[in-house]
Amino acid sequence: MICVFSGGSGSGKSELAEKCAIRLAESRKGGLYYYATMRVWDKEGERRVEKHRRQRAGRGFVTVECPSYLDTEPSGGVILLECLSNRLANAMFCDRDEDPAGVILGEVKALAEKNSVVIVTNEVFSDGAEYDAETERYIDILGRLNCELCRMAELVVESVYGIPVVHKGELV
Amino acid sequence: MIVLVIGGRAQGKTEYIRRELNVTDEEIACAFGENKAIVHLEKLIRERGGEAVLRELENRFSHDCILCCDEVGMGIVPMEKSERDYRDDVGRTLCAIAKRADRVIRVFAGIGQRIK
């Protein structure tokens with residue numbers, strides 16, 4: 001099962017996705033995993049990671065650091081993937097994967113066969129600005145990934161300042 | 001009653017509150033005065049910071065109040081730190097206001113959708 005949570009910066013999407021993952025885990029025996037994809041480069045990154053750690057402290061998540069490879073071993077559990085946009089940026093700009101969308105889709109499909117996967121992604125599509133070719137390619141690939149994952153998903157939610165706007169399925 | 005109206009830039013939010021919430025031009029301002037409707041909260045947040053804006057609003061939440069704000073942060077993460085901080089600040093502040101609001105309306109191309 002796949003659930004997708006999207007939204008802009010500071011839209012409260014992580015909080016909604018965490019709550020969904022916790023509720024899904026209540027009815028399962030497997031583990032509750034937090035797949036952290038962010039590579040930390042500086043103090044600002046450290047603070048962001050620290051903020052998210054505080055937010056989920058005591059909620060029962062096992063943190064798995066996976067900036068460039070999503071561990072597909074778990075079975076029967078709930079995986080919160082935080083977040084797709086960082087995972088894609090790493091695949092494109094650090095690991096230089098030739099087919100980043102294909103790699104990530106393969107990982108998510110493998111995970112979702114045996115687990116519930118809650119994916120946090122990002123709305124980066126509406127600022128109307130022009131960017132360099134690399135960034136334009138990133139936006140296009142993230143958009144297509146979002147479309148493909150939302151097509152497979154049972155639940156698609158957009159977080160609008162903490163309010164869940166359900167585009168597909170029913171909120172769990 | 002606290003009503004929050006959000007939506008992208010130039011989506012007709014002010015027009016919407018005139019039309020649907022019967023607010024007159026005299027009642028609209030981008031300020032914390034006697035005005036019934038506070039528009040362009042995002043500008044006030046940029047000028048004063050989210051925390052200061054929330055403090056000002058605390059005094060208004062006891063009576064009817066209409067708040068309008070541009071939805072920002074739906075683009076590529078900006079290169080400039082101050083711009084990144086600004087988007088986060090608007091997001092956090094609006095999450096807090098949305099929690100307090102009785103109604104949240106999102107305006108898309110002039111069409112309002114009540115999401116809370």
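A polar contact is here a pair of N or O atoms within 3.5 Å, of which, within protein, one must be able to donate a hydrogen and the other to accept it. In this predicted model, such a contact of 2.5 Å joins the side chains of B:Asp88 and A:Arg48. B:Asp88 belongs to helix H4 of chain B, which spans residues 81–100. Because its relative accessibility is 13%, B:Asp88 counts as buried, the limit for that class being under 20%. Apart from neighbours within four places in sequence, B:Asp88 is in contact with A:Ser9, A:Gly10 and A:Arg48.

The helix that carries B:Asp88, H4(B), lies across three strands of chain B, namely E1 (2–7), E4 (65–70) and E5. Relative to E1(B), H4(B) runs at about 140 degrees. These strands are part of an open sheet of six strands in chain B, with the order E2-E3-E4-E1-E5-E6 and mixed pairing. Its edges are formed by E2 (28–29) and E6 of chain B, each of which pairs on one side only. At one end of this order, E5(B) and E6(B) pair in the antiparallel sense over four bridges. Within E6(B), B:Gln113 is the residue that stands opposite B:Arg106.

The loop between E5 (103–108) and E6 (111–114) of chain B contains B:Ala109. Most residues other than glycine have a negative phi. B:Ala109, although not a glycine, has a positive phi of about 50 degrees. With a relative accessible area of 52%, B:Ala109 is exposed, since that class begins over 50%.

Chain A also contains an open sheet, here of seven strands, in the order E3-E2-E4-E5-E1-E6-E7 and with mixed pairing. The edge strands are E3 (62–65) and E7 (163–168) of chain A, and each pairs on one side only. On average, and with direction ignored, neighbouring strands of this sheet are turned by 20 degrees against each other. Strands of a sheet pair through backbone hydrogen bonds, either parallel or antiparallel. E2 of chain A (residues 32–36) and E3(A) run parallel and are joined by four bridges. A:Ala36 has A:Glu65 of E3(A) opposite to it.

A cis peptide bond, with omega about 0 degrees, joins A:Glu82 and A:Cys83. A:Cys83 is placed in the loop between strand E4 (78–82) and helix H3 (84–94) of chain A. Most peptide bonds are trans. The loop between H3 and helix H4 (100–114) of chain A holds A:Arg96. A:Arg96 is not a glycine, yet its phi is positive, at about 55 degrees. The relative accessibility of A:Arg96 is 54%, and A:Arg96 therefore counts as exposed.

The second largest pocket has a volume of about 150 Å³. Its lining consists of A:Val4, A:Ser6, A:Thr121, A:Glu123, A:Asn146, A:Cys150, A:Val156, A:Val157, A:Glu158 and A:His167. At least two lining residues come from each of three elements of chain A: strand E1 (2–6), helix H5 (133–152) and strand E6 (155–160). The most is given by E6(A), which supplies three residues.

Conventions
Residues numbered from 1 in each chain as written. Chains lettered and ligands numbered in written order. Predicted model: local features only at pLDDT ≥ 70, side-chain atom pairs only at ≥ 80, totals over all residues. Heavy atoms only, no water. Buried < 20%, exposed > 50% of the residue type's maximum accessible area, 1.4 Å probe, protein only. Contact = heavy atoms within 4.5 Å. Pairing = 2+ DSSP bridges. Axes fitted to C-alpha atoms, helices over the stretch in contact; angles between N-to-C directions. 1 Å grid on protein atoms, 1.4 Å probe; cavity = no way out; pocket = protein on both sides within 12 Å on 5 of 7 lines; lining within 4 Å. Points joined across faces, edges and corners; volume = space filled by probe spheres on them.
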